[in-house]
Amino acid sequence: MAKEEDFNTPTDRRLTTLLAQAGNRHDSATGAISVPIYQTASFGHPALGQSTGFDYSRTSNPTRLALEETLAAADGGHRGFAFASGLAAIDSVLRLFAPGERLVVTEDLYGGTFRLFEKLYRPLGIEPVYADTSDVGAVRAALADPRVRGLFVESPTNPLLKIADLRALAALARERGALTIVDNTFLTPCLQRPLEQGADLVVYSATKYLAGHNDVVAGAVVTRTPELSERLGFLQNAAGGILGPQDAWLTLRGLKTLALRVERQQANALSVAEWLCRHPHVRRVYFPGLPGHPGRDILLREKGGWGGMIAFETDEAARIPGILSGVRVFLFAESLGGVESLITYPAVQTHADIDAATRQRLGINDRLLRLSIGIEHEQDLIRDLEGVL
Amino acid sequence: MNDRTRLIHSGRDRDPYTGASSIPVYQVSTFDQPDPEHLGRYDYARSDNPTREALEHTVAALEGGARGLAFASGMAATSSALLLFQAGDHLVVGRDIYGGTYRVLTTLFKRWGLDATFVDSTDPDNIRGAITPQTRGLFVETPANPLLQITDLRATAEIARAHNLLAITDNTFMTPYLQRPLDLGFDVVVHSATKFLGGHSDVIAGVAATREEALGRRLKAIQNGFGAILGPQDSWLVLRGIKTLAVRLEAQQRAAGELARWLQARPEVRRVCYPGLDAHPGHATHMAQARGGGAVISFELADGPAAVAFMKRVTLPLVAVSLGGVESILSYPATMSHAAMPREERLSRGITDGLVRLSVGLESVDDLTADLSAALAGV
């Protein structure tokens with residue numbers, strides 16, 4: 001468990017304060033504490049050839065900009081970009097690549113990203129090469145292919161929570177001239193800052209922890225360099241998969257409590273994971289905060305945390321329907337990262353797009369359940385699971 | 001169920017039709033009626049709106065009341081509660097209640113024949129001594145604004161019961177997470193939900209909760225009749241704010257305690273008012289009725305010029321009216337909350353020109369002390 005002193009590194013202290021005041025002091029005209037929702041498509045020009053800095057909301061909108069500046073600052077990046085969904089954000093990043101180029105991709109990938117690669121990008125000639133990104137050697141071997149121009153890593157992975165050594169992988173990719181992209185949805189900048197470990201781009205489903213209330217669909221990209229910002233800015237404006245002002249404002253509102261939520265979720269998750277480990281009907285628990293988890297030392301080295309996601313295997317598949325219909329505090333629903341705890345059945349929900357043989361090989365079997373731990377009281381969560389197990 | 005869990009799962013936190021994990025914003029005025037002779041559960045959104053109802057249900061659950069009601073502002077909630085009385089009735093009211101409540105009592109309600117006597121409610125004998133044969137209710141606020149004096153809620157409720165009075169309290173500074181007046185014998189709790197409940201300085205709202213269903217029905221009739229309801233979008237935002245109430249308040253309260261002790265040690269600070277401090281005169285009473293000192297501190301600098309210079313030099317807290325948000329807010333009672341009060345009256349109550357009020361947000365305590373330290377050094 002990351003102790004308070006680990007959490008309060010100088011950077012985190014800066015982050016806590018930054019998040020609490022996210023978007024404040026943006027409206028100098030009125031002094032309004034909360035950034036206004038600029039529900040506007042276009043902006044008037046003071047005179048011919050002059051601009052207020054805002055012309056058309058697809059290009060830039062003041063509400064979205066307040067969110068984008070917060071995202072960039074939180075990850076220590078050059079610029080942030082807000083998109084209509086996490087997949088719209090990932091899609092924009094993949095547009096940086098050209099036909100004939102390959103990307104090394106985490107093998108137990110989020111089903112939606114997998115579908116994007118397989119159904120949309122592979123037919124265009126941009127090929128994913130799947131690798132176990134928790135194995136540095138496997139990634140090194142995959143990067144040897146000269147056609148590889150990018151490395152797309154999810155860490156922790158979904159749903160089995162394998163941890164990648166981002167610092168080592170980013171260094172390898174840089175040697176090969178490949179861009180490193182990290183999907184940091186599970187840990188957020190509070191617990192993992194990939195750009196500081198050498199990655200070039202960070203992507204998020206902001207629907208999850210960043211917005212944090214299961215009430216908005218949003219995505220984000222943060223870039224490390226001005227050159228990448230220029231390219232992403234072009235893609236965001238040209239392809240237009242932007243986030244609207246109301247949703248941008250809600251995401252910004254969510255970010256204000258991100259540090260608190262994540263801290264509580266992580267503490268609750270550790271208690272639930274430890275309890276699951278002791279339960280006779282639980283065969284295996286996947287949680288990077290447990291001693292013995294192979295990724296724990298990497299997270300500790302980077303002064304990060306383990307987050308609020310847990311996967312576990314029950315002893316028999318017949319138990320699953322009763323668990324899913326019997327939970328009272330947990331909500332049986334897809335998605336994750338909200339204030340409320342959710343339970344998901346990966347084999348039929350999030351990972352249905354991955355073929356059965358691959359699922360089996362990865363360990364996503366029909367006895368596996370995934371928990372997204374919320375900020376409820378941990379004893380209520382444990383009691384709920386006790387009742388159905 | 002633990003309070004922390006109840007904030008997330010009040011029972012109306014899911015849409016019954018689609019299963020959506022967030023209750024929809026029912027931006028609607030009226031509802032189609034399949035049977036013109038027997039109207040459905042919802043007929044007109046002033047009377048009942050499913051989004052507002054989800055918030056009202058949550059407020060009732062949190063306060064441990066029979067009924068919750070949501071209003072367009074904290075003052076709409078307070079004024080609606082005061083409409084429970086009739087012309088000719090008399091109220092005993094805490095002297096240090098919120099200025100807006102003082103204003104409606106001394107102007108609007110006074111004109112309608114509702115009479116109020118203001119007493120220092122920190123001593124229950126003062127309340128007892130002000131009761132007349134016409135007295136029908138008590139209205140107190142604890143901690144009071146801005147000096148955070150403490151009123152004994154149990155003792156006050158006891159007086160109300162003995163004299164058959166309706167006991168009302170404004171629980172804005174504490175929220176039900178830290179203090180539950182209905183459990184201590186009060187009949188009605190009102191809030192400015194703009195503050196800690198909404199919590200993000202981005203919505204104006206009020207709520208009320210009643211201990212008993214019959215009283216709840218009367219207040220509901222006032223809400224429907226006068227119509228100062230909370231709109232669906234704002235209801236939804238307050239509900240969203242409430243989900244993080246526990247984590248926010250715990251962090252803010254912890255930070256406020258650290259800051260209060262830090263301020264006590266500063267030579268530029270003459271006194272610190274915070275009920276979480278052992279030295280606070282109401283500390284023992286407060287800790288017997290609340291789960292902590294809360295997140296608002298007042299402190300006094302040498303004089304008016306020192307306070308003004310300090311407020312001009314701080315960079316991290318916003319200088320503004322209001323409190324309870326995720327961002328720290330510094331207020332100057334002399335020109336803000338208590339500007340309408342004659343100076344002599346204000347000074348006699350201890351609200352000096354050197355007094356500033358700090359609502360502690362979620363920023364890091366180290367950043368806040370660094371900022372306050374730099375600003376204090378210059379005064």
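## The sheet of chain A

Chain A holds an open sheet of seven strands in the order β1-β7-β6-β5-β4-β2-β3, with mixed pairing. Helices (H or I, at least four residues) and strands (E, at least two) are DSSP runs, numbered from the N terminus, and two strands pair if DSSP finds at least two bridges between them. The edge positions belong to β1 (79–83) and β3 (127–131) of chain A; each has a single partner strand, so one side of each lacks a neighbour in the sheet. On average, neighbouring strands are turned by 20 degrees against each other, direction ignored. Strand β2 (residues 102–106) of chain A pairs with β3(A) in the parallel sense over five bridges, and A:Leu103 stands opposite A:Pro128 in β3(A).

The model is predicted: local features need pLDDT of at least 70 and side-chain atom pairs count only at pLDDT 80 or more, while totals for chains, interfaces and linings use all residues. Residues are numbered from 1 along each chain as its sequence is written, and chains are lettered from A and ligands numbered from 1 in the order in which they are written.

## Helices on the sheet

Helix α6 (residues 136–143) of chain A lies across β2, β3 and β4 (148–154) of chain A and runs at about 150 degrees to β3(A). Helix α9 (residues 226–239) of chain A also packs on the sheet, where it touches β1, β6 (201–205) and β7 (219–223) of chain A, and its direction makes about 150 degrees with that of β7(A). Axes are lines fitted to C-alpha atoms, for helices over the stretch in contact, and angles run from 0 to 180 degrees between N-to-C directions. Two residues are in contact if their C-beta atoms, placed from the backbone, lie within 7 Å.

## Strand β7 of chain B

Five of the five residues of strand β7 (residues 206–210) of chain B are buried, so the strand is largely enclosed by the rest of the structure. Buried means 20 or more other C-beta atoms within 10 Å of a residue's own, exposed 12 or fewer, and partly exposed in between, with C-beta atoms placed from the backbone. B:Gly206, B:Ala208 and B:Thr210 point one way from β7(B), and B:Val207 and B:Ala209 point the other way.

Strand β1 (residues 67–71) of chain B pairs with β7(B) in the antiparallel sense over five bridges, with B:Thr210 as the bridge partner of B:Arg67. Strand β6 (residues 188–192) of chain B is also joined to β7(B) by five bridges and runs antiparallel to it; here B:His191 stands opposite B:Val207. Leaving aside neighbours within four places in sequence, the contacts of B:Val207 include B:Val59, B:Leu69, B:Phe71 and B:Leu197.

## The largest nonpolar core

A nonpolar core is a set of buried Ala, Val, Leu, Ile, Met, Phe, Trp, Tyr and Cys residues joined through C-beta atoms within 7 Å. The largest one has 218 residues, of which A:Ala220, A:Ile310, B:Val207, B:Ala208 and B:Ile297 touch the most other members. Helix α11 (residues 245–264) of chain B gives the largest share of this core, 10 residues.

## Contact between the chains

In all, 29 residues of chain A are in contact with 28 residues of chain B. On the chain A side, α2 (10–20), α11 (258–277) and α15 (378–388) are the elements that give two or more residues; α2(A) gives the largest share, four residues.
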